[in-house]
Amino acid sequence: MKTVKKFLRNGLGVIGALIILGLIVVAVFANQIAPYDPNAQNYDQVLSAPSSEHLFGTDDLGRDIFSRVVFGARISIEAALISVGIAMLIGVPIGLLSGYYRGFWDEWIVMRSVDAMQAFPFLILALAISAVLGAGFGNAMLAIGIGFAPAFIRITRGQVLTLRNMEYIQAARSVGVKDARILFRHILPNALNPIVIQATLAMASGIIAEASLSYLGLGVQPPTPSWGSMLNQAQTLLSVAPYATIYPGMAIFLVVLGFNLLGDGLQQILDPRVRK
Amino acid sequence: MTTILEVEQLKTRFRTDNGVVSVVDGVDFSIHAGETLGIVGESGCGKSVTSLSIMRLLPPNGKIEGEIRFNGKNILDLTEKEMQSVRGNEIAMIFQEPMTSLNPLHTVGRQIEEAIILHMKLDKAEAKKRAISLLKAVGMPRAEEIYEEFPHQLSGGMRQRVMIAMAMGCNPKLIIADEPTTALDVTIQAQILDLMREVKEKTGTSIMLITHDLGVVAEMCDRVIVMYAGQVVEETDVDTLFENPKHPYTIGLMNSIPELDDEREYLDTIPGTVPLPHQMPKGCRFAPRCSQAMAICHEKPPELLQLNGHKCRCWLYAEEGEQQ
């Protein structure tokens with residue numbers, strides 16, 4: 001209860017949380033909120049400007065942009081959570097073990113693989129992986145997750161390297177605490193803050209990466225609406241129908257901002273040294 | 001008197017990028033039940049590595065040779081799992097820096113309980129009871145409240161008391177205290193030393209006290225080892241050490257303590273610094289800094305001589321040593 005109160009006192013964090021909460025509500029109640037079927041084409045009203053009938057206007061196939069943005073929230077939130085979830089599931093344990101036990105495996109296998117993966121531009125890497133796995137939303141998530149994993153390995157390992165030499169870790173070992181317990185009860189909680197920050201940032205990039213892969217035909221298949229694919233499909237119409245890019249773009253901006261504010265707010269309550 | 005810890009020809013080396021570095025080089029000593037042994041020396045002489053070797057808590061590039069017999073069995077032969085049941089249970093450690101030796105994310109109570117639950121197999125409620133009684137035993141006011149608090153809410157002296165409570169948790173036979181008072185204010189130092197003495201008297205545990213402060217040694221110890229550059233250079237009981245120090249290094253250390261009625265304008269210092277582990281002099285390791293160095297000192301390393309129970313590693317006493 002105390003933690004909740006502390007969080008509520010952090011203004012920006014609350015705004016971030018509200019944005020994310022709003023996103024979740026929109027995603028869950030998309031059917032109720034959207035006035036039209038997001039995929040229904042209406043050739044009478046192609047590229048109509050925002051009006052009371054079509055709040056955000058319509059795209060080049062006459063689909064209601066507001067409804068598509070609302071349904072796109074589902075894809076985006078799934079993309080953010082699943083891709084980052086996969087990345088953490090792979091990256092955090094490897095980073096923990098690698099940093100704690102050091103030696104040949106850490107130095108020559110794990111870290112060199114991470115270097116090799118990070119030498120590729122992220123999108124190229126995700127593209128290559130999803131090309132191997134095949135098109136589709138699930139495979140795109142796996143590809144993005146694998147692509148993000150090196151960042152989590154690196155950040156977790158870096159934390160472990162500093163923490164394992166802290167006196168309180170030595171002290172825990174000096175009372176006979178076993179390695180697994182030291183890793184998960186003593187080191188991991190102390191390493192969590194930068195991992196949480198990394199996760200929120202990665203969620204933002206995950207949304208963008210999913211959009212990019214979808215645009216290239218490797219992610220969400222049309223006509224399923226996702227903000228990124230809407231943005232990319234509308235970019236050729238920028239001079240004729242700017243609203244077709246503005247609204248999905250704003251949605252991405254808002255959610256990315258929300259994740260970042262939330263991440264900062266969480267850091268302030270997770271870290272007792274920052275607590276007042 | 002039973003001997004609980006015997007260290008024989010302890011050699012600890014580290015593999016580094018500059019080759020193998022020998023930090024502790026053939027150290028022998030023993031600790032009896034209920035005794036406080038002081039280990040004195042300046043930074044980098046191998047005091048802390050000696051204690052970490054006993055706990056087998058060296059980083060992976062460290063290698064230990066020799067024998068460390070605790071209650072008669074060589075702990076270097078134990079498996080890591082067996083060693084974990086020794087740590088905290090039979091040998092406990094108090095660290096130098098109370099500000100960083102407690103986990104900032106765990107409550108004080110949880111940290112004290114950890115070893116108790118692990119080794120004494122108590123349930124949560126019993127462990128809590130014991131943790132609170134330990135907090136009371138180390139002189140903590142409001143023990144029940146402190147139990148729930150986080151380390152950052154405590155002062156340095158209080159944290160060191162918590163560390164002592166943690167170390168006492170399972171009634172260890174030996175407590176290794178690595179500079180337990182160095183980071184504390186002078187008045188708090190005295191309180192912590194009093195507390196450690198009290199703990200020792202009540203529980204009969206032995207203490208291995210690592211320090212560079214001869215004042216602390218005089219207060220606390222029964223016997224003293226003086227270490228220099230990874231070797232023992234002098235070993236004797238505490239009274240003899242202060243009345244009749246033999247090794248020029250020990251004498252140098254004594255002369256660098258200020259006294260109340262001191263009329264000296266400047267304190268005596270020992271010129272130079274401890275030689276680096278991979279650049280040890282050929283002869284006596286102290287010879288380059290020694291005011292009484294002779295030709296032989298630069299040629300041949302001296303042995304640790306036995307002089308009526310007073311051990312000293314110095315060529316000045318070679319004849320005396322031979323007569324005995």
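Analyst: Two strands pair if DSSP finds at least two bridges between them, and strands (E, at least two residues) and helices (H or I, at least four) are DSSP runs, numbered from the N terminus. The model is predicted, with local features needing pLDDT of at least 70 and side-chain atom pairs pLDDT 80 or more, while totals for chains, interfaces and linings use all residues; side-chain values use heavy atoms, leaving out hydrogens and water. Residues are numbered from 1 along each chain as written, with chains lettered from A and ligands numbered from 1 in written order.

The part to examine is strand β7 of chain B, residues 174-178. On one side it is joined by four bridges to strand β6 (residues 91-94) of chain B, and these two strands run parallel; within that pairing, B:I91 has B:L174 as its bridge partner. β7(B) also pairs in the parallel sense, over five bridges, with strand β8 (residues 206-211) of chain B, where B:S206 is the bridge partner of B:L174. Five of the five residues of β7(B) are buried (under 20% relative accessible area; over 50% is exposed and anything between partly exposed, with a 1.4 Å probe and protein chains only), so the strand is largely enclosed by the rest of the structure. The burial covers both faces, with B:L174, B:I176 and B:D178 on one side and B:I175 and B:A177 on the other.

Chain B also contains an open sheet of four strands in the order β2-β1-β4-β5, where the pairing is antiparallel. Its edges are β2 (19-32) and β5 (73-74), and because each has a single partner strand, one side of each is left without a neighbour in the sheet.

A:F56 lies in the loop between α3 (30-33) and α4 (65-101) of chain A and A:Y247 in helix α11 (residues 243-270) of chain A, so parts 191 residues apart in sequence are tied together. A:F56 is buried at 18% relative accessibility, whereas A:Y247, at 21%, is partly exposed. Another pair is made by B:Y249 and B:F286, with centres 5.2 Å apart and planes at 65°, so this one is edge-to-face. B:Y249 belongs to helix α10 (residues 248-255) of chain B and B:F286 to the loop between α10 and α11 (295-299) of chain B, so the pair ties together parts that are 37 residues apart in sequence. B:Y249 is buried, with 0% relative accessibility, and B:F286 is buried as well, with 4%. In chain A, ring pairs link A:F56, A:F66 and A:Y247 into a cluster.

Notes. Rings of Phe, Tyr and Trp (its six-membered ring) pair if their centres lie within 6.5 Å; planes under 30 degrees apart count as stacked, over 60 as edge-to-face and the rest as tilted.
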